[in-house]
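Please keep the sequence and the 3D view open while reading.

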Amino acid sequence: MLASKPEMAFVNLQLPGMPGAEAVAWAQARGVHPFTVLMSGTALPKWIEVSTELQAYEFLTKSFDPLHVRDILRARMRMSAPMRLLLAESSYTKPH
């Protein structure tokens with residue numbers, strides 16, 4: 001992750017040598033923050049909690065539907081595209 005600095009990473013929590021969550025946390029501590037999807041063969045409550053702590057976009061249980069992955073990729077593309085935005089808000093803000 002440090003060498004390639006990916007924009008997006010699908011990371012298995014059960015990697016040989018270093019757990020996937022630890023690898024993501026290690027990279028984040030060094031300034032690498034890809035759009036992350038964590039995955040595992042089972043969805044243990046602790047792993048879902050860890051994915052939230054690491055600010056992963058989603059936690060996938062393998063084997064997952066390719067259409068779901070396609071939808072994640074589309075969501076990422078949409079989130080990274082500039083957009084015009086209008087904010088109409090009526091609350092009073094005190095001047096500084």
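In this predicted model, three strands make up an open sheet with parallel pairing, in the order β1-β2-β3. β1 and β3 are the edge strands, and each of them pairs on one side only. On average, and with direction ignored, neighbouring strands of the sheet are turned by 25° against each other. Strand β2 runs parallel to β3 and is joined to β3 by four bridges. Helix α3 lies across β1, β2 and β3, at about 145° to β1.

The residue ranges of these elements are listed below.

| Element | Residues |
|---|---|
| Strand β1 | 8–12 |
| Strand β2 | 35–40 |
| Strand β3 | 58–61 |
| Helix α3 | 66–80 |

Within the sheet, Ser 40 belongs to strand β2, and Thr 61 in β3 stands opposite Ser 40.

Is Ser 40 buried or exposed? Its relative accessibility is 0%, so Ser 40 counts as buried; the cut-off for buried is under 20% relative accessible area.

The side chain of Ser 40 reaches a backbone atom: the oxygen of Thr 42, at 3.4 Å.

Which residues are in contact with Ser 40, leaving aside its neighbours within four places in sequence? They are Asn 12, Leu 13, Gln 14, Trp 47, Phe 59, Leu 60, Thr 61 and Lys 62. Among them, Thr 61 is also the residue that stands opposite Ser 40 in β3.

Notes: Residues are numbered from 1 along each chain as its sequence is written. This is a predicted model: local features need pLDDT of at least 70, side-chain atom pairs count only at pLDDT 80 or more; totals for chains, interfaces and linings use all residues. Side-chain values use heavy atoms; hydrogens and water are left out. Two strands pair if DSSP finds at least two bridges between them. Helices (H or I, at least four residues) and strands (E, at least two) are DSSP runs, numbered from the N terminus. Axes are lines fitted to C-alpha atoms, for helices over the stretch in contact, and angles run from 0 to 180 degrees between N-to-C directions. Contact means heavy atoms within 4.5 Å. Buried means under 20% relative accessible area, exposed over 50%, partly exposed in between (1.4 Å probe, protein chains only). A polar contact is a pair of N or O atoms within 3.5 Å; within protein, one must be able to donate a hydrogen and the other to accept it, and residues adjacent in sequence count only if both atoms are side-chain atoms.
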